Amino acid sequence: MLIHLKPEEIIAAAHHAAVRQSAKDVRKDLGQIKNHKISSQSDFAVTYAGLLGEYAVARSINAKVDTSVMIGGDGGTDMVLNGNTIQIKTNMMPEKVLIFNQLEHFKTDWAILCSIESASSVQIHGFISKGKFVKNFYRHDWGYGNRFCVKADVLAPIKKFYEAIGLI
């Protein structure tokens, strides 16, 4: 499902990415957190892309984006809908793969994969439960250690998400 973001969603994502990045920068300067980034993109770009994915998913499932800034981050939960925890992973890679750095990082009930297709468009590739991910993952090393992955074709279409979480 391709979502064309509205200008106000793009501006909000950029604003909230800047606010979150400022908070992270302060904590880095204090030595409270280390950079675990695995991308050649800037920290801001990674945060911004993630928020673009969150805005696209929020619109597609009729949810709200959590724009709060928490000292320790979001703990891996991007949204809660009908009591279900959701983590949204947005990547800018040519390969459409849902990636977790460690298996334990999949802390939610569901994960949703998005990719940035243009400056204003986000592709939502689908969703997967934690149990299905654990049964279907493979390991891949892009040069910074093994990661736990599932290809987009294993994911269920986002249109079925409401049914999966009991909203219809």
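**Notebook: contacts, sheets and selected residues**

I began with the contacts (heavy atoms within 4.5 Å). Among those in the protein between residues at least 6 apart in sequence, 60% join residues at least 24 apart.

I note that this is a predicted model, in which local features need pLDDT of at least 70 and side-chain atom pairs count only at pLDDT 80 or more, while totals for chains, interfaces and linings use all residues. Residues are numbered from 1 along each chain as its sequence is written, and side-chain values use heavy atoms, with hydrogens and water left out.

**Entry: overall composition**

I looked up the secondary structure, taking helices (H or I, at least four residues) and strands (E, at least two) as DSSP runs numbered from the N terminus. The protein has four helices and eight strands. Along the sequence they follow the pattern β-α-α-β-β-β-β-β-α-β-β-α.

I then looked up burial, where buried means under 20% relative accessible area, exposed over 50%, and partly exposed in between (1.4 Å probe, protein chains only). Of the 168 residues, 40% count as buried. The accessible surface of the protein (Shrake-Rupley method, 1.4 Å probe; for residues, only the protein chains shown count as cover) comes to about 9,000 Å², and 54% of that area belongs to carbon and sulfur atoms.

I counted two strands as paired if DSSP finds at least two bridges between them. An open sheet of five strands runs in the order E1-E6-E5-E3-E2, and its pairing is mixed. Its edge strands are E1 (2-4) and E2 (79-81), each of which pairs on one side only. Neighbouring strands of this sheet are turned by 35° against each other on average, direction ignored. For such angles, axes are lines fitted to C-alpha atoms, for helices over the stretch in contact, and values run from 0 to 180 degrees between N-to-C directions.

Helix H2 packs on this sheet and touches E1, E2, E3, E5 and E6; the direction of H2 makes about 130° with that of E3.

I followed the pairings inside the sheet. Strand E3 (residues 84-91) and strand E5 (residues 110-118) pair in the parallel sense over six bridges, and Ile88 stands opposite Ile112 in E5. E5 also pairs with strand E6 (residues 121-129), here in the antiparallel sense and over eight bridges. A hairpin of two residues joins E5 to E6. Ile116 has Val122 in E6 as its bridge partner, and Ala111 stands opposite Ile128 in E6.

**Entry: helix H2**

I checked the length of H2 (residues 43-61) next. Its 19 residues reach 27 Å from the first C-alpha to the last, close to the 27 Å expected at 1.5 Å a residue; the expected span is 1.5 Å times one less than the number of residues. H2 is mostly covered, as 15 of its 19 residues are buried. Just after H2, Asn62 takes a positive phi of about 60°.

**Entry: the three-stranded sheet**

Three strands form a further open sheet, in the order E4-E8-E7, with antiparallel pairing. Its edge strands are E4 (97-100) and E7 (138-141), each pairing on one side only. The twist averages 45° from one strand to the next. E4 and strand E8 (residues 146-151) pair in the antiparallel sense over four bridges, and Leu98 stands opposite Val150 in E8.

I located His16 in helix H1 (residues 7-29). His16 counts as buried because its relative accessible area is 16%. Not counting residues up to four places away in sequence, His16 touches Leu51, Tyr55 and Thr67.

I located Lys130 in helix H3 (residues 130-136). With a relative accessible area of 37%, Lys130 is partly exposed. Lys130 touches Phe106, Lys107, Thr108 and Asp109, again not counting residues up to four places away in sequence. Lys130 and Trp110 are 20 residues apart in sequence, and their C-alpha atoms are 5.9 Å apart in space.

**Entry: cysteines**

I searched the whole structure for disulfides (a pair of cysteine sulfur atoms within 2.5 Å) and found zero. Cys114 is at 0% relative accessibility and therefore counts as buried. Cys149, also at 0% relative accessibility, counts as buried.
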